[in-house]
Amino acid sequence: MKSVLVINSSLNGAAGNSNKAAKKYIKALNENKPANITELDLNDYGLPHLSAEEMQAWRTNASERSSSQEALANHSDHFIEQLFSSDEVVLAVPMYNFGIPSTLKAYFDRIARAGKTFEYTSKGPKGLVTGKKATILAARGGKYQGTPMDTQSDYIKNFLEFIGFEDINFIYIEGLAMGDTSASDAWKNFDANISELFTMVTDY
Ligand SMILES: Cc1cc2nc3c(=O)[nH]c(=O)nc-3n(C[C@H](O)[C@H](O)[C@H](O)COP(=O)(O)O)c2cc1C
C-alpha cells in the first residue's frame, strides 16, 4: 500500500478551500485504491522563522545535542523522516499575497537540509528525496495559472526539484473569489481533473 503525506497550510483550517481540495483528493484516492494517508496541518506546529541556533542544532551530532538543541532539531528530523517514508506528497496550497503561506515556507525551511535532503557535488546541487511523486493542489482567489504573475508555481516546482522530486503535478482551483459562478466552475473543473487523473493512473 502506498504512503501518501497530505500537507495542509491554509490559515482557515478545515474551512479553507485548499483543505477542501485535499479532502476531495483523499476521497478520490481512497475510492481508487486505498493508501496509507498521513495528514499534516502546518497550523498545528507554530513553526518559528528558521534561526542560526536551529541550524546549529542540525549540525550537532544527535548524541551530543543539548536538551534545547534536541528540541530545536526535532521538527526538522521528524518532517524529513516523514518525507522519506512517503511515496507521494500532496501539498494543499492557497495563494497568499502571490506566494505560499508562511507556514509552508517555514516547513520548506525545515526539510531543505544539506546532507539529508540535498547535497552539493562538483556538478552542482543534487536532490536526495528521489523516487517520489508530488501533487500540488493550488487554490486561488484570482486566476494566475500560466501568467507571469504566477511565480508561486515556479517557486514550488524549483524547490521540490532541488530536493530531488521529478514527478510533480499541479492541479489548480482558481477564481474562487470572483463570484459564485466562477467558484462553482472552479470546483467543477477540479472535480473533472481529479476524476481524469484517477482514471489515467493505474499504478495505485
Ligand atoms: C492573506 C491572504 C492573501 C491572499 N492573497 C491572494 C493572492 O495573492 N492571489 C489570489 O489569487 N488569492 C489570494 N487570496 C485568496 C486565497 O487564495 C483564496 O482564499 C483561496 O481560497 C485559498 O485559500 P484557503 O485555502 O485559505 O481558502 C488570499 C487570501 C488570504 C487570506
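Predicted model: local features only at pLDDT ≥ 70, side-chain atom pairs only at ≥ 80, totals over all residues.
1. Five strands make up an open sheet, and reading across you get the order S2-S1-S3-S6-S7, with parallel pairing. At the edges sit strand S2 (36-41) and strand S7 (167-173), each of which pairs on one side only. Ignoring direction, neighbouring strands here are turned by 15° against each other on average.

2. Now zoom in on one pair. Strand S1 (residues 3-8) runs parallel to S2, and the two are joined over 6 bridges.

3. The axes of helix H3 (residues 67-84) and helix H4 (residues 102-111) come within 8 Å and cross at roughly 85°. Angles of 65 to 115 degrees count as roughly perpendicular, so that is how H3 and H4 lie to each other. On the H3 side the contact uses His75, Ser76, Phe79, Ile80 and Leu83, which meet Tyr107, Arg110 and Ile111 in H4. Sorted by class, this H3 and H4 contact has 5 nonpolar, 2 polar and 1 charged residues.

4. Finally, the ligand. Which residues are closest to the ligand? They are Gly16, Asn17, Pro94, Gly141 and Gly142, out of 17 residues that surround the ligand. The shell divides into 8 nonpolar, 8 polar and 1 charged.

Methods
Residues numbered from 1 in each chain as written. Near = placed C-beta within 6 Å. Nonpolar A, V, L, I, M, F, W, Y, C, P; charged D, E, K, R; others polar. Pairing = 2+ DSSP bridges. Helix = DSSP H or I, 4+ residues; strand = E, 2+ residues; numbered from the N terminus. Axes fitted to C-alpha atoms, helices over the stretch in contact; angles between N-to-C directions. Parallel < 35°, antiparallel > 145°, perpendicular 65-115°, else oblique. Contact = placed C-beta atoms within 7 Å.
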